[in-house]
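Here is a quick tour of a few spots worth a look. Have the model open and follow along.

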Amino acid sequence: MSEPRVRRAEIAVEQAHVDRVYTRLAELRAQAEAMRAKGYELGQGAQREAIFEQASMLFERDMMVYHANQTLQTLDAEYEGLVFGRLDHRDRERIYVGRLGIRDTEFDNLVTDWRAPAAAAFYQATAEEPMDVVRRRVIRCSGQNVLDVDDDVLIADAVPEDMQIVGEGALMAALGRARGEKMRDIVATIQKEQDEVIRAPWRGVTEITGGPGTGKTAVALHRAAYLLYRYRRQLGGAGVLVIGPSGVFTSYISRVLPSMGETNVELRALGEVLDGLEATRQDTSALAAVKGSLRMRKVLLRALRDTPPEAPDELRIVYRGEVLKLAGRELEKVRRKAHTQGAPPNRSRVRVAELLLAALADKAEEYAKADGKEIDRAELITDLGERIDFHRFLVVWWPVLYPAQVLKWLGEEKRLAAAAKGVLSRAEISLLAADFADRARGWSVADVALLDELRVLVGPEPKRRRRQTVVEVEPDRTGGGTPHRPEHYDEYSHVVVDESQDLSPMQWRMVGRRGKYASWTVVGDPVQSSWPDPGEAAQARDQAFGTKTARRRYTLRTNYRNSAEIFELAAKVVTGHAQAEELPAAVRTTGIAPEVRPVDAAALATATQAAVKELLGAVEGTVGVITAMDRVGEVSGWLSGQADERLKVVGSLDSKGLEYDAVVLVEPMELVTESSTGRRVLYVALTRATQHLIVLASDPDWLPAS
C-alpha cells in the first residue's frame, strides 16, 4: 500500500477513536449540566423550607453547582485537540494520551491524562530507553477532526506485521506553525529533557535555566499543571502564583493553564504583586538600580522613623492650672524610644501614648519638686490619658502611616538626604528625590517592591471591628467558582517566577513574602539578565527561598524557537558576555537569513513602515516591532496606519518571554545604551523571532566585528 493510502487509512482509524471520545465528552457534559440544574432546583426549594433547614440545603446546592461548573469548565477548556497521542506497547496494550482523562461507561480508559504516570512514556521513551513502547504516535487534530498522524518506532524488531508506520517530524511541524497573540500549550510536543523538569519532585526549589527558545516558560507552566494534577490535595487549596516580568507577558501566557483545565492559578506581573496596584512604567536603568538595591530597605526604615511633615513640634497641656510642655527635642526623644522598641508604627500608638504620658508626668514631677510639692503620678497619667486634647495631639503627632505617603515624603530632597546619609551617594539621592517628587506619571514597576517593603515596615492600619461573613466559594452560572483570598495573601502552595534573572533584590524580598510556605519553580537565564549586580540579587533570592533544603537545577540546551540563521546573529552580540556553553543550540534551519538594513536616522519611520508591511505579507502569524523603551510611543505613532491585529509594538524590556513569527528591530544601538546590561537586552530582542528578522540601524556599532 502506498504512503498516502497508508496515511489516509491510519487517519481514519484514529478518527474513529476520536469520535468515540467526543461522543463520551458530550455525555459527560450533559450529566454535568443536569447536576447544575438540580443544584439550582435545590436552592429554590430551600427558600420554601423552614429556616433551620435552609443552611444545609443551600450548602448542598452550592457544592453541587460548584462541582458541576468545575466539570463543565474543564470539559470546555480541553475541547480543542483533546486527543494528541497514542502509545502501542510490546504486549499490544494501547494507550491514547490527551489533555484530560476520560473513561467510557464501563470505566475503561478512552484517553489518559498527559500528566498521569501511564502517559509519561509518551514524553520520556527513546530508542535507547523505549519503556516497552513499540510505536509512539502523534495525532494532530483541529477540533474533532484528525488532520494527520506521525509515528516514532522505538523497538524496531518488535513491530507487528499488521502495524502501519506513518510520517516523521511532529515537533518540527509544530514549531513551524504561525504564532498567535497568546502562548499555546505544548502538551503534544513536550521533549524528554523538558518532561524531566515537569515531573520533578514538588517540594523545595526547582530551578530551570536555559537560553532563548528552550521552552523554559512553557515547561514551568506545564509543571504547575502537572503538580496540581499529581498533588492536588497538597497544593490545590492554597493555590499557585505565577509571576512574570510584565503585563504584556502575563497576557501572552494567560491561556496556557486554563487550556489544560487549571483555573486555581494567579498570574501577576511584577508591577501587580502588591494588591491594589498595577504599575507598568519602567524606570531608567540607573534609577531602577538604586530602587532595587537592598540599601533601600535601610533608607525606608529611616524615613518612616523620621518626624512626619505635618507633625506639631510642641505638646502643651494644662494640668491643675500648670502648663506642661514637651518641646521638639523632648518629643523626638520619645519618638526614638518608641521606634527602638521594634513594633511597626501602626501597631505602636498605645505604647507611644504611654511614653508621652510618662514624659508629661516627668515634667510635672520636675515642676512640683521645684515648688516643694508632690503629685500623684498614676492619677496624672490616668487623667491626661482621658483628655480629648491629648488624643487630638497623639493622632497628628503619631499618625497612621501609609506606604505611598512615606514614599512621597522622600520627594523632598532634604528629607531623603537625611534618610540616605551614608547609604546613597549624592547623585543617587538627587536622582531618587526628583523621581519621587514627580507623581504625575504614577508608580513605576520598581516602586512596587518599595511600597510592599513599607507595607510590612509600617504595619497594618488600624481597622474597626465588624462582623464578617466568610464565603469560601461563590458559585455562578458560567464559571466554576472564585476562591476568595485575603489581601496580601502569603500562603500559596507553589510559586513560579519567570525571567528570574531580572528580579532586583527588593523584588525578591517582595516575592519571597508570598512564598514563605511554598515550593518554588524558578525560571531564568543569566545571559539575558538586565540586573547589574547578580551577586546581591542571588543573596536576596536565597533569603526568599528560606530554609527549603531541597534544591534541584535543570538546564535546557535546545533552542526550538529561533532558526539557526537568526540565532547565529543574536549570539554575536553577546560575544565576550557569555561563554559558549551558556548559549543553546538552535536545531531548526529555514534558509532565511536575518536582514540588517543600514538606515539614515531621518528615514527611520519610513523604513520601519516598509519593513512591517513586508513582513505582514510574508507570515501568517504575528509581527513584533521591538524598540528602546522610551521610543515605544513614537514608533507606535509611525505604524498607526497599519490596521492589523497581528502587529505589536513593544519596548525592549517588555519583549522578554514573548515570541513572534517575524520581528522588526528598530535602532539596536539604543537598546545597548539604555541599559547597564545593554548587550544582554539586545540579545533578548534578537531572539524573539521564529522565522523572519529585519534589523534597522543607523549606528553600526551594535554589531561586534566578526
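## Ground rules

Helices (H or I, at least four residues) and strands (E, at least two) are DSSP runs, numbered from the N terminus. This is a predicted model, in which local features need pLDDT of at least 70 and side-chain atom pairs count only at pLDDT 80 or more, while totals for chains, interfaces and linings use all residues. Residues are numbered from 1 along each chain as its sequence is written, and side-chain values use heavy atoms, with hydrogens and water left out.

## The whole chain

The protein chain has 26 helices and 23 strands. Of its 706 residues, 52% count as buried, meaning under 20% relative accessible area, with exposed over 50% and partly exposed in between (1.4 Å probe, protein chains only).

Contact here means heavy atoms within 4.5 Å. Take the contacts in the protein chain between residues at least 6 apart in sequence: 75% of them join residues at least 24 apart.

## Two loops with positive phi

Most residues other than glycine have a negative phi. Phe107 has a phi near 65°, a positive value in a non-glycine residue. Look for Phe107 in the loop between strand 3 (102–103) and strand 4 (109–113). Its relative accessibility is 62%, so Phe107 counts as exposed.

Arg320 also has a positive phi, near 55°. Its loop runs between strand 10 (315–319) and strand 11 (322–326). With 64% relative accessibility, Arg320 counts as exposed.

## Helix 11 against helix 19

Helix 11 (residues 295–305) packs on helix 19 at an angle of about 50°, and their axes are 10 Å apart. Axes are lines fitted to C-alpha atoms, for helices over the stretch in contact, and angles run from 0 to 180 degrees between N-to-C directions. The pair is therefore oblique, the class left over once angles under 35 degrees are called roughly parallel, over 145 roughly antiparallel and 65 to 115 roughly perpendicular.

Who makes the contact? Helix 11 brings Met296, Arg297, Leu300, Leu301 and Leu304, and helix 19 brings Leu450, Glu453, Leu454, Leu457 and Val458.

Arg439 sits in the loop between helix 18 (426–437) and helix 19 (445–458). Its side chain reaches the backbone oxygen of Asp435 at 3.0 Å, a polar contact (a pair of N or O atoms within 3.5 Å; within protein, one must be able to donate a hydrogen and the other to accept it, and residues adjacent in sequence count only if both atoms are side-chain atoms). Leaving aside residues up to four places away in sequence, Arg439 touches Arg281, Lys408 and Asp447.
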